[in-house]
Amino acid sequence: MNLLSLLSDLTKRDPHAIIAIDVDPDRPAHVSRAELWRRTLQLRADLATAGVGRGDAVLVCLPNSSAWLDWHVAAASLGAHVVGLPPHCEAAEVTQVLQRARPRVAALPHGLPGSRLPELLREATTGGLAPPAVAVVAGPHGEPPVDPSGYDVGGGAWLPSAATAGMPMPVTSGDELAVAFAPSLAAHLESSLVRLAVDSARAIGLRHDDVLVCAEPLSSPLGLGAALAAVAGEATCLFEPTLEAANLLAALSRFAATHLAAGGESVSRLARKWHDTARPPKAPKSWRWLGVALDTPDMAEFAHRVEEELGVTVSGLYGSAEVLSPVALWPPDSAAPRRWSAGGLPVSRDIEVRVVDPDSGRPLPPGETGELRFRGYCVVDHYLGEQAGPARRVTEDGWLATGERGALLGHGEFRRDGRIAAAARD
């Protein structure tokens with residue numbers, strides 16, 4: 001199964017089901033599966049017209065919204081891969097992506113305050129790099145520019161076409177790279193994305209009536225992984241574009257969300273918001289699960305408070321650009337506070353984890369601390385801009401050396417304890 005067939009199957013089963021909600025203070029946009037399907041097929045046609053094909057990169061620099069799903073599915077259906085950057089990224093990030101990924105098209109937001117993306121792209125291409133064509137994307141309720149030429153960075157600029165009914169179902173085949181995560185530009189096959197989405201949805205326990213808040217940028221491994229897990233689990237993705245703590249908590253309550261997936265920094269902001277108010281923010285009774293890497297004392301305190309006061313199950317996660325995310329999480333019956341730490345049980349039996357002595361590579365027994373290593377479909381397939389061949393830090397027998405400390409805990413579970421000091425690896 002690929003991303004397009006996953007969306008097709010969901011749409012055939014229930015075209016009117018809500019696949020995503022784009023949060024807006026006044027007019028939230030509820031996106032049905034059928035609408036997303038129409039948008040994706042139209043965007044696919046636009047990208048093909050723009051010359052995007054097998055092996056090409058597409059740069060996406062949009063705020064969190066359902067549009068990211070359009071771009072990922074449409075690009076993958078053409079054999080292309082998405083490289084994501086946040087819309088307020090720095091010049092060095094843009095230059096690196098243009099140098100190593102050579103995107104054919106860049107999706108930029110229209111009228112986003114503070115975004116300097118057209119300027120940064122122009123600066124990055126002055127050194128002889130081929131400028132991408134720019135697709136100018138309006139927000140869920142925004143109006144596109146009358147003339148997109150102001151966004152042209154040297155490769156032309158165009159507006160995505162309005163979705164129309166009756167687009168033909170394309171025939172897709174093969175298994176190409178579908179995503180690469182900056183800054184390392186670790187890239188993964190489309191089949192790996194789909195398998196992890198299905199496996200992590202099952203491990204989280206997502207159902208058709210659940211709403212998962214994506215609290216991380218969709219350019220990140222956890223942001224994309226959580227969204228695709230919600231799609232594979234037939235749940236609804238809730239996208240809040242600012243990712244501010246107050247807005248996330250408000251959206252959680254407003255839309256009766258059941259799940260929230262966030263990284264450590266996001267949860268730190270949520271914790272500060274929670275602690276800095278005399279009365280804790282109102283949270284819905286529907287909220288059942290918070291998935292995050294909780295590996296600091298203040299995070300454990302927050303997790304304890306959330307579980308005690310709200311009855312929400314808090315689970316640590318593990319993931320990265322090299323192994324996708326969430327590649328592991330704790331079963332709900334795991335005891336706290338261990339359940340709040342980064343790590344858990346791999347979401348699939350096809351994903352192996354072991355701990356080795358970082359100097360000798362000798363496997364270590366449960367309880368001993370060493371370097372975490374992974375093997376399976378989750379492991380990075382390639383790094384953009386590098387010569388073809390096995391990805392760096394992957395051994396001949398397929399084990400990825402993560403450079404992170406951890407320990408096995410028995411029953412397939414593991415705990416992450418932080419980075420290995422550079423001196424210890426030299």
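Reader: What should I know about the model before we start?
Author: In this predicted model, local features need pLDDT of at least 70 and side-chain atom pairs count only at pLDDT 80 or more, while totals for chains, interfaces and linings use all residues. Residues are numbered from 1 along each chain as its sequence is written, and side-chain values use heavy atoms, with hydrogens and water left out.

Reader: Which strand has four bridges with β10, and in what sense?
Author: β11 (residues 236-239) pairs with β10 in the parallel sense; pairing requires at least two DSSP bridges. Val-213 has Leu-238 as its bridge partner in β11.

Reader: And what is the bridge partner of Cys-214 in β12?
Author: That partner is Ala-261. β12 (residues 259-261) runs parallel to β10, joined by three bridges.

Reader: Now the helices: how do the axes of α1 and α2 lie?
Author: The axes of α1 (residues 3-13) and α2 (residues 33-49) come within 9 Å and cross at roughly 145°. Axes are lines fitted to C-alpha atoms over the stretch in contact, with angles from 0 to 180 degrees between N-to-C directions.

Reader: Which residues meet there?
Author: Among them, Leu-4 and Leu-7 in α1 and Trp-37 and Leu-41 in α2, with contact meaning heavy atoms within 4.5 Å.

Definitions and conventions: Helix = DSSP H or I, 4+ residues; strand = E, 2+ residues; numbered from the N terminus.
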